[in-house]
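Please keep the sequence and the model in view while reading.

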Amino acid sequence: MEDFRKKLTQKSRLITGFCCFSLPVYIGLMRFVKNADDFIVGLVTGVFIGIMLVSVFNLVKIQSTLNNEEKLREMYIRQTDERNIAIGKETMKTSGFISIMITALAVIISGFFNPVISITLAISLVANTVITIAVRSYYNKKM
């Protein structure tokens, strides 16, 4: 249980670090980039606020779990349950494949309308594929 507590504490620190790093980056970019389109500024602001809200929600959840032994035990059981682990692995495997296929289709379709979008999606597709291959090779060596 102490190892699980350490993992939660580490996750809490990671989330806190992310929030402390991303807030000044966001504020700095908002101050120094003056010619950004209003739509993009609104989109970026919405995404930023959403990410921060999810981060703060997770941080509060982790902190309340760390302060309550009963909640800690329940979360440990939920996260170490073999069925939940198998469901999570299958979900990520399937959703990763679907995401790559949809992005590939979007590259093809957008190429007929806007080459910049098509190239951007193609770069995203290549990056996603490289990350998938790297993670797979890591786990092939580890397991």
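Which residues in helix 1 meet which residues in helix 3? In this predicted model, Phe4, Arg5 and Leu8 are the residues of helix 1 that take part, and their counterparts in helix 3 are Glu69, Leu72, Met75, Tyr76 and Gln79. Sorted by class, the residues of this contact comprise five nonpolar, one polar and two charged. The axes of the two helices come within 11 Å and cross at roughly 95°, and because angles of 65 to 115 degrees count as roughly perpendicular, helix 1 and helix 3 are described as roughly perpendicular to each other.

**Helix 1 and what covers it**

Helix 1 spans residues 2-32, which makes 31 residues, and from its first C-alpha to its last it reaches 45 Å, close to the 45 Å expected at 1.5 Å a residue. Its buried residues are Phe4, Arg5, Leu8, Ser12, Ile15, Cys19, Ser22, Tyr26 and Gly28, and what covers them includes helix 2 and helix 3, the latter running over residues 69-80.

Arg5, which lies in helix 1, deserves a separate look. With a relative accessible area of 18%, Arg5 is counted as buried, because the cut-off for that label is under 20%. If neighbours within four places in sequence are left aside, Arg5 is in contact with Leu66, Glu69 and Leu72. Arg5 and Arg73 are 68 residues apart in sequence, yet their C-alpha atoms are 9.8 Å apart in space.

**Helix 1 against helix 2**

The axes of helix 1 and helix 2 come within 10 Å and cross at roughly 155°, and since angles over 145 degrees count as roughly antiparallel, the two helices are therefore roughly antiparallel to each other. Helix 1 passes helix 2 in a left-handed crossing, and the residues of this contact divide into 15 nonpolar, nine polar and two charged.

Thr65 belongs to helix 2, which covers residues 38-66. Is Thr65 buried or exposed? Its relative accessible area is 4%, so Thr65 is buried. Not counting residues up to four places away in sequence, Thr65 touches Leu8, Lys71, Leu72 and Met75.

**Helix 4 against helix 5**

Helix 4, made up of 30 residues, reaches 43 Å from its first C-alpha to its last, close to the 44 Å expected at 1.5 Å a residue. Helix 4 (residues 82-111) and helix 5 (residues 115-142) pack at an angle of about 160°, with their axes 8 Å apart, and they are therefore roughly antiparallel to each other. The crossing in which helix 4 passes helix 5 is left-handed. By class, the contact between these two helices has nine nonpolar, seven polar and no charged residues.

Ser110, placed in helix 4, counts as buried because its relative accessibility is 11%. Leaving aside its neighbours within four places in sequence, Ser110 is in contact with Pro115, Ile117, Ser118 and Leu121. Ile119, by contrast, lies in helix 5 and is exposed, with a relative accessible area of 52%, where the cut-off for that label is over 50%.

The C-alpha separations given for individual residue pairs are gathered below.

| Residue pair | Separation along the chain | C-alpha to C-alpha distance |
|---|---|---|
| Arg5 and Arg73 | 68 residues | 9.8 Å |
| Ser110 and Leu121 | 11 residues | 8.6 Å |
| Ile119 and Val107 | 12 residues | 7.3 Å |

In summary, helix 1 is roughly antiparallel to helix 2 and roughly perpendicular to helix 3, whereas helix 4 and helix 5 are roughly antiparallel to each other.

Terms used. Residues numbered from 1 in each chain as written. Predicted model: local features only at pLDDT ≥ 70, side-chain atom pairs only at ≥ 80, totals over all residues. Heavy atoms only, no water. Helix = DSSP H or I, 4+ residues; strand = E, 2+ residues; numbered from the N terminus. Buried < 20%, exposed > 50% of the residue type's maximum accessible area, 1.4 Å probe, protein only. Contact = heavy atoms within 4.5 Å. Axes fitted to C-alpha atoms, helices over the stretch in contact; angles between N-to-C directions. Parallel < 35°, antiparallel > 145°, perpendicular 65-115°, else oblique. Left-handed = near helix turned anticlockwise from the far one by under 90°. Nonpolar A, V, L, I, M, F, W, Y, C, P; charged D, E, K, R; others polar. Expected span 1.5 Å × (residues − 1).
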